[in-house]
Amino acid sequence: MTRQDIEKEVRDIFLRAFEVENPEMDVNLREAYGFDSIDAIELLLEIEKFLDSELTQDEKKKAMDIRTMKQIIDYIEMLARKRGLAVE
Amino acid sequence: MERRVVITACSAVSPIGHGKEQIVESLLKGISGVKALREDELISRFIHSHVYGTVSYPIAYDFSRQYRKTMGPVAYYACQVAKEVLAQAGLPAEFVTGGRLGIAFGSIHGSPTVQRDIYRIFFEAKDKASYQGIGAVDYLKSMVHTTAVNISKMFGITGRIIASGTACTTSSQSIGYGYEAVKYGLQDAMLCGGADEYDTITVAVFDNLLACSTAFNDHPEQTPRPFDRARDGLVVAEGAGAVMLEEYEFAKKRGAPILAEVIGFACNSNGGDLILPNLDGITKTLQLSLENAKIDASEIDLVSAHATATKMGDIIEAQANGAVFGPGPYVVALKSYMGHTMAACGAIETVLTIYMMQEGFIAPTLNLEDIDERCAMVHHVQKLIEHPVKTAAVQNFAFGGVNTSLLIRKLT
């Protein structure tokens with residue numbers, strides 16, 4: 001799994017689940033696309049499916065400070081590394 | 001301080017049409033919205049009553065995902081009629097979000113479609129993954145105040161929220177409590193109504209109580225038959241209705257269209273049996289609404305009866321109306337056109353009454369061919385008549401022993 005794979009998956013999730021096409025990397029998702037706490041919970045479920053691994057409560061709580069696409073990708077990369085999934 | 005309250009917009013999604021043009025046409029032509037019960041792959045095959053007041057036409061919703069994500073089918077109906085009354089009323093944008101506009105809107109139990117999906121997971125969950133199928137938003141879609149808060153979110157309305165959930169009096173209470181909120185200066189305007197979505201569980205409840213119509217399964221349009229000798233019970237239905245209430249001077253000053261004035265409201269409880277209709281309770285409600293409006297019974301031109309077409313309910317209602325109003329006012333049972341839209345019925349029947357006031361006709365009670373002599377003490381309408389309506393009473397009575405009477409008057 002590469003960072004590019006993660007980015008592609010996150011963009012797919014945003015299009016499929018949140019109807020957001022090509023979100024910008026560094027904008028505040030709430031301000032730009034109305035991405036709220038409900039969407040954040042749904043995103044976590046999507047991430048679990050993508051990694052095929054359950055997130056711990058602590059890991060989920062860490063996601064609550066995320067505001068941008070870049071932070072989401074960083075977050076998934078961190079989770080993937082922790083699970084020994086290859087990230088180049 | 002008591003202020004006058006007027007209706008400045010109204011709309012309905014009903015089994016006989018969406019909006020004024022279609023609904024008036026159905027009333028004028030005597031078109032029924034009762035259709036065959038749909039297969040639900042759950043319990044419909046066990047239900048004896050195979051009829052349902054159905055919204056069978058497509059509705060072109062235009063809600064972005066930001067709003068859709070917390071909406072079950074019932075909230076779609078609610079937000080659609082809310083959107084329409086907001087557009088019709090033409091309130092300034094800063095007023096809509098400014099805190100002086102509130103919402104009184106309800107449904108009988110949120111979204112049963114969403115609740116059913118939750119229960120399916122509850123009973124079938126075998127692992128963590130299936131448990132996670134209960135979405136973060138399922139409660140927001142299914143809770144009893146889902147209609148009111150989805151409206152508040154969609155339109156940024158920041159005033160008070162009243163979300164009554166009193167079965168068949170849900171939306172008559174919405175209008176009544178909205179009226180009181182404006183009358184006593186708590187709000188300057190209230191968006192009021194009710195909605196309910198397609199739901200076979202509600203049919204099952206009434207079916208098991210032997211209260212549903214079963215004798216006209218092959219001819220859905222011939223039932224319900226309020227006040228008719230051959231009536232055999234109610235027909236459950238879906239839909240939504242909404243009105244905008246505003247303080248009279250405020251509405252007048254801004255040049256708003258004034259459709260009617262709400263001149264009185266009463267709500268009481270039977271304080272006893274939760275199912276059986278109660279003559280004393282209903283009679284008292286009708287009297288209390290007259291006292292509230294400070295008018296005489298003789299001033300009522302038209303009664304929109306609750307009249308669900310149950311054996312006892314119609315008799316008790318006719319007796320109460322006969323005792324309070326005598327044989328003077330015309331009585332129409334609008335459920336004869338569409339069945340019982342549950343939480344929406346009070347609002348839909350108010351909207352239809354306004355349409356008749358505006359157009360100067362009184363629709364006949366559909367399927368009323370042979371008046372039950374026990375219901376004959378009031379002036380039933382069996383044929384379409386052209387007749388001006390100045391003052392009308394909209395009556396609704398609910399499981400739980402809740403009664404409401406709303407009085408509205410055309411401004412001349």
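Leaving aside neighbours within four places in sequence, A:Glu77 is in contact with A:Arg3, A:Ile6 and A:Val87, contact being scored when C-beta atoms, placed from the backbone, lie within 7 Å. The model is a predicted one, in which local features need pLDDT of at least 70 and side-chain atom pairs count only at pLDDT 80 or more, whereas totals for chains, interfaces and linings use all residues. Residues are numbered from 1 along each chain as its sequence is written, and chains are lettered from A and ligands numbered from 1 in the order in which they are written.

A:Glu77 belongs to helix 5 (residues 69-82) of chain A; helices are DSSP runs of H or I with at least four residues, numbered from the N terminus. Because A:Glu77 has 17 C-beta neighbours inside 10 Å, it counts as partly exposed (buried means 20 or more other C-beta atoms within 10 Å, exposed 12 or fewer, and partly exposed in between).

Turning to the cores, the largest nonpolar one holds 128 residues, of which B:Ala78, B:Val85, B:Ile151, B:Leu191, B:Val243 and B:Leu245 touch the most other members. Such a core is a set of buried Ala, Val, Leu, Ile, Met, Phe, Trp, Tyr and Cys residues joined through C-beta atoms within 7 Å. Helix 3 (residues 73-89) of chain B gives the most to this core, eleven residues. Apart from this core lies another, of 16 residues, including A:Val10, A:Phe14, A:Val20 and A:Met69.

Where the chains meet, chain A and chain B contribute eight residues each to the contact. On the side of chain A, helix 3 (residues 37-51) supplies the largest share, four residues.

Technical notes: Helix = DSSP H or I, 4+ residues; strand = E, 2+ residues; numbered from the N terminus. Contact = placed C-beta atoms within 7 Å.
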